[in-house]
Amino acid sequence: MKIVLVGGSGFLGQFVVRALAAAGHHSVVLTRAPERVREFALERGARLVQADVYSPAALSRQFEGAGAVVSMAGILNETGFGGQGFRRVHVDLVQGIAEACRTAGVKRLLHVSALNAGKGDSHYLRTKGEAESLLNSAAGLEVTIFQPSVIFGPGDGFFNRFAGLLRLAPVLPLACPNSRLQPVYAADVAQAMAVSLADTSTVNQTFQLGGPRDYTLIELVRWTAHVLGLRRLVVPLPDAASRAQALVMDLVPGKPFSTDNYRSLQLDNVAPDNDLAEFGFVPSSVERIVPAYLGQSLHQQRLATLRQRAGR
Ligand SMILES: NC(=O)c1ccc[n+]([C@@H]2O[C@H](COP(=O)([O-])OP(=O)(O)OC[C@H]3O[C@@H](n4cnc5c(N)ncnc54)[C@H](OP(=O)(O)O)[C@@H]3O)[C@@H](O)[C@H]2O)c1
């Protein structure tokens, strides 16, 4: 089948394209800016296509002849503060994708949301929830929704970000240290998505995806320092200081941490009824996967993955 991915040019998208290729599918990955994701052109079984993803007409042209569409665009932070940035990517874009599916006659839609979508006070989670609601009530579509916890794997933004911070400073003041997370391997998420495509019993279902166990944030950050062989003092910040750190970071370009992230972290990011088991495989652990890539730069991680796949 031809599968069209919106938001598939990032970290998770590479894994999804590989899983789809392994299942015999051909992916068309839409991107707003192909020059930013040049390495993606090397992904086997994928074609990178520049498209105005906010134009339902442009989307429906790309969707024609597709067996399924994957909706997986997402941001962790917006430029402003009012939630409009999140709403544009997480809701308006998804609305356009649903509309374009109908115009192009594509019924099957896989959508990547997040654990806790629709809960709590963050714009991130609220808008993820709004998208789920609109897809759950979308007539004529066969939708499957995936709610992963934090996702890890070569090129991830979680372990790599903390590795970068730990390398920089001997002391790391950590906001929301006791938030619980259940990291899930990107290849497992992708595999679950590929399996669900072939399994019509997953239509109209939402799957919570987590790894084999959960950890507090500070456990994961201290373990990251240990894996890197760094002796670092990771200082747990109390709630008021966590909130203050978020307020300060809101003003730093690129928002390395934000009030919206702080709000998301008020909820444990765990999947007590981990649905990965339903897809028939055992989830991979951070202990098995992360040490192999953590010492490398992001570029090295990408190249190593590509070489491994090319058999070199
Ligand atoms: N990574 C995690 O830990 C995690 C955890 C839970 C859920 N998720 C969800 O999984 C999905 C994929 O995450 P990821 O880690 O692969 O993200 P990523 O690497 O940051 O990639 C994000 C993708 O979204 C698109 N995108 C970014 N900003 C956009 C905007 N303003 N308008 C339209 N498209 C935009 C990008 O496409 P362009 O090529 O057009 O820039 C890119 O393909 C997201 O929906 C995310 O919320 C991720």
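Predicted model: local features only at pLDDT ≥ 70, side-chain atom pairs only at ≥ 80, totals over all residues.
**Exercise 1. Describe how helix H1 packs on helix H6 (residues 186-197).**

Step 1. Start with the geometry. The two helices pack at an angle of about 50 degrees, and their axes lie 8 Å apart.

Step 2. Classify the angle. Angles under 35 degrees count as roughly parallel, and 65 to 115 as roughly perpendicular. H1 is therefore oblique to H6.

Step 3. List the residues. H1 contributes Phe11, Leu12, Phe15, Val16, Arg18, Ala19 and Leu20. H6 contributes Ala186, Ala187, Val189, Ala190, Gln191, Met193 and Ala194.

Step 4. Sort them by class. The contact of H1 with H6 holds 12 nonpolar, 1 polar and 1 charged residues.

**Exercise 2. Work out how H3 meets helix H2 (residues 56-63).**

Step 1. Take the angle and the distance. H2 and H3 pack at about 50 degrees, with axes 8 Å apart.

Step 2. Name the orientation. That angle makes H2 oblique to H3.

Step 3. H2 passes H3 in a right-handed crossing.

Step 4. Locate the contact. On H2 the residues are Pro56, Leu59, Ser60 and Phe63. On H3 they are Gly96, Ile97, Glu99, Ala100, Cys101, Thr103 and Ala104.

Step 5. Count the classes. The contact of H2 with H3 has 7 nonpolar, 3 polar and 1 charged residues.

**Exercise 3. Repeat the analysis for H3 and helix H4 (residues 123-136).**

Step 1. Read the geometry. The axes come within 8 Å and cross at roughly 15 degrees.

Step 2. Name the orientation. Angles under 35 degrees count as roughly parallel. So H3 is roughly parallel to H4.

Step 3. H3 passes H4 in a right-handed crossing.

Step 4. List the contact. From H3 come Phe86, Arg87, His90, Val91, Val94, Gln95 and Ala98. From H4 come His123, Tyr124, Thr127, Lys128, Glu130, Ala131, Leu134 and Leu135.

Step 5. Sort by class. The contact of H3 with H4 divides into 8 nonpolar, 4 polar and 3 charged residues.

**Exercise 4. Characterise the shell around the ligand.**

Step 1. Count the residues. The ligand is surrounded by 25.

Step 2. Pick out the closest. They are Ser9, Gly10, Leu12, Thr31 and Gly74.

Step 3. Assign elements. Helix H1 (11-22) and helix H3 (84-104) are the elements that give two or more residues to the shell. H1 gives the most, with 3 residues.

Step 4. Sort by class. The shell has 16 nonpolar, 8 polar and 1 charged residues.

Step 5. Connect this to Exercise 1. Leu12 is among the residues closest to the ligand. Leu12 also belongs to the contact of H1 with H6.

Definitions and conventions
Residues numbered from 1 in each chain as written. Near = placed C-beta within 6 Å. Helix = DSSP H or I, 4+ residues; strand = E, 2+ residues; numbered from the N terminus. Nonpolar A, V, L, I, M, F, W, Y, C, P; charged D, E, K, R; others polar. Axes fitted to C-alpha atoms, helices over the stretch in contact; angles between N-to-C directions. Parallel < 35°, antiparallel > 145°, perpendicular 65-115°, else oblique. Left-handed = near helix turned anticlockwise from the far one by under 90°. Contact = placed C-beta atoms within 7 Å.
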